Amino acid sequence: MPAIKWCGMLVDFEVIKRAQAGDAPAFNEIVLAYRKRILGTITRLIARQEDVEDVAQEVFLRLYFSLDQLRTAEVFEPWLYRLTVNAAYDYLRKQRRRQEYRMSDLSEQQVMMADAAAGGKVEHEEQQQKKVREAVDSLLGAVSEADRILLMLKEVEGLSLKELEKIYKVNENALKVRLFRARQRVLKAFGASGKQDGTG
Amino acid sequence: MYPTHHSDEERLDALFRAYRAACPDRDAGANFMPELWKRIEARQTFTFSFRRMANAFVTAGLALTVVLGVYMAIPQRSPAYPVSYLQALADNNTLETPEIVGPVRLDLTDPGR
């Protein structure tokens, strides 16, 4: 399945300008237009279905109170994405304090899911999807929250380096290096768990 | 070594694709908008109260500064105080120091002495 890119304005610039001026219906219009996309992105970033709406509301809450800081409506989408990334990051940081990643459980799941992904029809699709989410969530425990989000945006959301540059306001080369390192770490964890599974 | 690594790369990509498929875009629940507006209003109320309190503090601070400024600017002259420090010192000495170190008094009115 090809990754869905974050592009194409869902509201007119005029609506954004009205919302900036404090027009509540215009703000509603923005939320209605973007909430599905935001919810989807957050779902993939945090991998916790039950908290997705809460984090999405936080994103729109931040949007509401910082909309007046947006200089031009043209940069609205990267800016909204940045708010999403920040809210997801804050959530993940809080979560990490509470959570213990069960890396030992990873190998069996991830091998099974990788095979399943390549292997056509899968029984109990719902359960399998849940296991895939858990596997990726555990696997990403190998990197920091910031790297996890960056990796997700690139590998799962399918954003280009140019788009990431706009969101992070960081040099493309720096992003490349960071992405490479994050991917290597995840790959190492992935390989290590695969070996464990092979020997065990 | 390389083929294994290469295979891991592919499997990881496959896992990410599977993850993408397992997390499709979803729509919000019925309570999403009302809950969002509730949160916005709660934050607004808090911000408003905080701003009002901050404004009150700033106003009070400014008023106090002005009052102190005016107070300091007014020359501190009172009829109860002597005009100069030397006079004050002299007055003080006449009261508290013994006669021996007090000013010498010469009586020049009696020429017979």
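## Helix H6 of chain A

Helices here are DSSP runs of H or I with at least four residues, strands are runs of E with at least two, and both are numbered from the N terminus. The buried residues of H6(A) are A:Val132, A:Arg133, A:Ala135, A:Val136, A:Ser138 and A:Leu139. Buried means that 20 or more other C-beta atoms lie within 10 Å of a residue's own, exposed means 12 or fewer, and partly exposed is in between, with C-beta atoms placed from the backbone.

## What kind of model this is

This is a predicted model, in which local features need pLDDT of at least 70 and side-chain atom pairs count only at pLDDT 80 or more, while totals for chains, interfaces and linings use all residues. Residues are numbered from 1 along each chain as its sequence is written, and chains are lettered from A and ligands numbered from 1 in the order in which they are written.

## Chain A overall

Chain A has nine helices and zero strands, which reads along the sequence as α-α-α-α-α-α-α-α-α. Of its 200 residues, 38% are buried. Take the contacts in chain A with a separation of 6 or more: 69% of them join residues 24 or more positions apart. A contact here needs the C-beta atoms of two residues, placed from the backbone, to lie within 7 Å.

## H1 against H2 in chain A

H1(A) and helix H2 of chain A (residues 24-46) pack at about 130°, with their axes 7 Å apart. Axes are lines fitted to C-alpha atoms, for helices over the stretch in contact, and angles run from 0 to 180 degrees between N-to-C directions. That makes H1(A) oblique to H2(A); under 35 degrees counts as roughly parallel, over 145 as roughly antiparallel, 65 to 115 as roughly perpendicular and the rest as oblique. The crossing is left-handed, meaning the near helix is turned anticlockwise from the far one by less than a right angle (clockwise would be right-handed).

On the H1(A) side, A:Val15, A:Ile16, A:Arg18 and A:Ala19 meet A:Ala26, A:Phe27, A:Glu29 and A:Ile30 of H2(A). A:Ile16 is buried, with 22 other C-beta atoms within 10 Å. Leaving aside neighbours within four places in sequence, A:Ile16 touches A:Val11, A:Ile30, A:Ala73 and A:Phe76. Its C-alpha atom is also 8.6 Å from that of A:Leu67, 51 residues apart along the chain.

## Where the chains meet

Between the chains, 27 residues of chain B are in contact with 34 residues of chain A. Helix H1 (2-22) and H2 of chain B each supply at least two residues of chain B's side, and H1(B) gives the largest share, 13 residues.

Helix H3 of chain A (residues 52-66) and H2(B) (residues 32-73) have axes that come within 10 Å and cross at roughly 50°. That makes H3(A) oblique to H2(B), and the crossing is right-handed. Among the residues that meet are A:Phe60 and A:Tyr64 from H3(A), with B:Leu36 and B:Arg39 from H2(B).

A:Lys169 sits in the loop between helix H8 (161-168) and helix H9 (172-199) of chain A. Its phi is near 55°, a positive value in a residue other than glycine. A:Lys169 is exposed, with 9 other C-beta atoms within 10 Å.
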